[in-house]
Amino acid sequence: MLNKKDSALLRSKLYVPIVVRDILDAPDPLADDEQYALHETISDLQPDSALLCIALAAKQIANCAPYPSATLKVLDIECERIIDDYAPLWLEHAREKHTDETLVFDTLANIPEDLESLAELLEVNGAFFSNHDPKAAEICNILFIQAGAHALIAEEFIGVIDEEADEPVDFNIIPEAQKTENLNNVIQFPFAGKT
């Protein structure tokens, strides 16, 4: 769980959750330019930032809802899990601290799945809000669309990284000295036909 300082830093860097809270607190309906601004701001983020941004914004909706439901509680729990999983690594990167590349890739590999599950929960809760809180329903719909779009982007990104990792090594471009050095490190297994 994030401390108050880290939580405040995260919200200020990804200011959409603060904007969502202000929109929910305002008596006016959601204006077209506000919808456009939310879409544009989230779509400009990288998938990991978008995931955190959407989770933090969805948590604002869950916390402000006067009519909590079971699906809203599930959304709140899922948002909390996502924040706990991704925020520390994201903050380390924001503070330009060195992070373990393997840990980063292992964490990022789950982003498409987490965005998809968040999108599903936002869709369900948007339908729940449609009857009694149109503004929350509209924000859920914006977040749902963005979560789905970023899930596709993240999937493509992870796929490209996987392909690069799976590419065979072209031994013709390795210098002769290095080839010999690598062969000296090979453990020779006995021929299977020998007794």
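**Helix packing and a pocket**

Analyst: The axes of H4 and H5 cross at roughly 145° and come within 9 Å. This comes from a predicted model.

User: Which hand does the crossing of H4 and H5 have, left-handed or right-handed?

Analyst: On the H4 side, the contact includes Leu51, Leu52, Ala55 and Lys59. On the H5 side, Leu72, Leu75, Tyr86 and Trp90 are among the residues that take part. The crossing of H4 and H5 is left-handed.

User: How do H5 and H7 run, roughly parallel or roughly antiparallel?

Analyst: H5 spans residues 70-94 and H7 spans residues 111-129. Their axes come within 10 Å and cross at roughly 155°. An angle over 145 degrees counts as roughly antiparallel. Therefore H5 and H7 are roughly antiparallel.

User: How do the residues of the contact of H5 with H7 divide by class?

Analyst: In H5 the contact includes Val74, Glu78, Arg81 and Ile82. These and others meet H7 residues, including Asp114, Ser117, Leu121 and Asn125. The classes are twelve nonpolar, three polar and three charged.

User: How do H4 and H7 run, roughly parallel or roughly antiparallel?

Analyst: The axes of H4 and H7 lie 11 Å apart, at an angle of about 30°. Angles under 35 degrees count as roughly parallel. So H4 and H7 are roughly parallel.

User: Which helix gives the most to the lining of the second largest pocket?

Analyst: This pocket holds about 170 Å³ of space. Of its 13 lining residues, Met1, Ser7, Arg11, Lys59 and Glu80 are the closest to its centre. Helix H1 (4-13), helix H4 (47-64) and H5 each supply at least two lining residues. With four residues, the helix that gives the most is H4.

User: How many charged residues are in the lining of the second largest pocket?

Analyst: Take the lining by class. Four residues are nonpolar and four are polar. The charged count is five.

Note on methods: Residues numbered from 1 in each chain as written. Predicted model: local features only at pLDDT ≥ 70, side-chain atom pairs only at ≥ 80, totals over all residues. Heavy atoms only, no water. Axes fitted to C-alpha atoms, helices over the stretch in contact; angles between N-to-C directions. Parallel < 35°, antiparallel > 145°, perpendicular 65-115°, else oblique. Contact = heavy atoms within 4.5 Å. Nonpolar A, V, L, I, M, F, W, Y, C, P; charged D, E, K, R; others polar. 1 Å grid on protein atoms, 1.4 Å probe; cavity = no way out; pocket = protein on both sides within 12 Å on 5 of 7 lines; lining within 4 Å. Points joined across faces, edges and corners; volume = space filled by probe spheres on them. Left-handed = near helix turned anticlockwise from the far one by under 90°.
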